[in-house]
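Please look over the sequence and model below.

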Amino acid sequence: MINYKNLIKEAKYAMQFSYSPYSNFKVGACVLTKSNKTYIGANIENASYGATICAERVAIDNAIMNNDKEIICIAIMSSGNDFTFPCGICRQVMAEFSNNIEIVVAKNEEDYKIYNIQELLTHSFLSKDIK
Ligand code: THU
């Protein structure tokens, strides 16, 4: 049973590391892997806006760099007032590592919604399609 509240708490913690001087929109994410480890990330912006990386991908890359690729869940929180859903690029990156990942979008530890990647990225293009 996944402890969603704990993942949300870690995503909130990660927000403090956001480097977002352009948007002033802080995002934090926390990945859970099958080995029951967690990895955090925050959005890192750039003066060349396109070089910005989202919190979700920072958290996922953090897990990958720890050789922990079996991602089962990711929680996302932001400084906005509403739920923050992952962008299209982040959905694609999530699907690369698990086509069954749970995505938790949270306003806080009590108010959150859970989705599956297949709902958020239908008819996805995956490694099996390059054969
Ligand atoms: N952002 C994320 O980090 N994750 C999302 O799911 C949506 C957008 C960041 C990118 C940029 O730094 C800021 O939010 C505004 O788009």
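What follows covers the helices and then the ligand.

## Model

This is a predicted model.

## Helix α1

Helix α1 spans residues 4-14. Its buried residues are Tyr4, Leu7, Ile8, Ala11 and Ala14. Viewed down the helix axis, these buried residues fall within an arc of 115 degrees, so they line one face of α1.

## Helix α2

Helix α2 covers residues 55-65. Buried here are Ala55, Glu56, Arg57, Ala59, Ile60, Ala63 and Ile64. The cover over them includes strands β1, β2 and β3, and also helix α3 (88-97).

Asparagine 67 follows α2. Its phi is positive, near 55 degrees.

## Ligand site

Which distances separate ligand oxygen atoms from the side chains of asparagine 43 and glutamate 45? For asparagine 43, an oxygen atom of the ligand lies 2.9 Å from a side-chain N or O atom. For glutamate 45, the corresponding distance is 2.5 Å. Alanine 55 takes part through its backbone: a polar atom there is 2.9 Å from a ligand oxygen atom. On its own, the ligand has 370 Å² of accessible area, and the protein covers 78% of that.

Terms used. Residues numbered from 1 in each chain as written. Predicted model: local features only at pLDDT ≥ 70, side-chain atom pairs only at ≥ 80, totals over all residues. Heavy atoms only, no water. Buried < 20%, exposed > 50% of the residue type's maximum accessible area, 1.4 Å probe, protein only. Helix = DSSP H or I, 4+ residues; strand = E, 2+ residues; numbered from the N terminus. Arc of directions from axis to C-beta. Contact = heavy atoms within 4.5 Å. Polar contact = N/O pair within 3.5 Å; in protein donor to acceptor, adjacent residues only side chain to side chain. Areas by Shrake-Rupley, 256 points an atom, 1.4 Å probe, with all protein chains shown as cover.
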